[in-house]
Every structure is written in structure tokens, then in C-alpha cells.
Amino acid sequence: MGVNFPDRPAEETGEMVFTRQGRGIVKRIDVEHHTDPRGLSYHWLKFHREPAEDAPDSEATAVAQGKIAMTPLQFERTAESFFANIGG
């Protein structure tokens with residue numbers, strides 16, 4: 001379960017709601033290979049972001065509205081069967 005809180009004082013925080021995982025803003029990720037001064041290899045992840053509008057029942061929308069978002073998760077996105085069982 002992922003839980004996200006809005007960035008505001010507790011007394012200004014809204015209700016706790018079940019949400020779906022949002023689209024996110026990562027458009028793509030480039031992996032760059034480098035060598036450090038000691039000759040050791042490492043990889044640098046370069047994120048390319050792009051603004052995107054999320055669905056009304058997404059975690060980002062809930063948090064933007066001041067609510068606490070609880071998102072049932074599985075390995076690759078929202079756990080749809082769990083979400084359906086909780087009345088989402």
C-alpha cells in the first residue's frame with residue numbers, strides 16, 4: 001500500500017481516500033555509463049520528465065486537493081482486484 005500525504009499542516013489535511021496510481025511525469029529514462037577517477041564503472045540514470053494530467057481518482061489529484069491518498073499496489077501499477085474490492 002502506498003500512502004501519500006499533502007504538504008500542509010495536519011489540521012488542514014483532508015480525508016483519507018483510496019486512489020489509483022497516477023501516470024507519473026517520467027517520459028523516459030536514459031542510462032549513461034561513466035568511469036570514476038579511480039577507474040570504477042558506474043551508471044547514471046537521467047530522467048526526462050513531462051507534465052501530465054492525472055485522472056480524478058489518482059493519488060496525485062487527491063494529494064493536490066489536500067487529501068491523504070492510499071493506493072493499493074502490486075509490482076507493476078495499481079492492484080486493480082484489491083481496488084475493486086474496497087469499493088474504489
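Two strands are taken to pair if DSSP finds at least two bridges between them, helices (H or I, at least four residues) and strands (E, at least two) being DSSP runs numbered from the N terminus. On this basis Ile29 stands opposite Phe47 in strand 4. The structure is a predicted model, in which local features need pLDDT of at least 70 and side-chain atom pairs count only at pLDDT 80 or more, whereas totals for chains, interfaces and linings use all residues. Residues are numbered from 1 along each chain as its sequence is written, and side-chain values use heavy atoms, with hydrogens and water left out.

The chain comprises 2 helices and 7 strands, which follow the pattern β-β-β-β-α-β-β-β-α along the sequence. Its radius of gyration, taken over C-alpha atoms, is 18 Å, whereas a compact globule of 88 residues would have a value near 12 Å by the rule of 2.2 Å times the number of residues to the power 0.38. Along the principal axes, the C-alpha atoms fill a box of roughly 55 × 35 × 25 Å. Of the 88 residues, 22% count as buried, that is, under 20% relative accessible area, with exposed meaning over 50% and partly exposed lying in between (1.4 Å probe, protein chains only). Among contacts (heavy atoms within 4.5 Å) between residues at least 6 apart in sequence, 61% join residues at least 24 apart.

Strand 3 (residues 26-35) and strand 4 (residues 41-49) run antiparallel and are joined by 9 bridges. The hairpin that these strands form has 5 residues between them, and within it Gly39 adopts a positive phi near 90°.

Strand 5 (residues 68-71) is bridged to two further strands, with strand 1 (residues 2-4) running antiparallel to it through 3 bridges and strand 2 running parallel to it, likewise through 3 bridges.

Arg23 lies in the loop between strand 2 (16-18) and strand 3, where the residue is exposed, with a relative accessible area of 59%. When residues up to four places away in sequence are not counted, Arg23 touches Ala52, Glu53, Asp54 and Arg77. The C-alpha atoms of Arg23 and Glu53 are separated by 8.0 Å, although the two residues are 30 residues apart along the chain.
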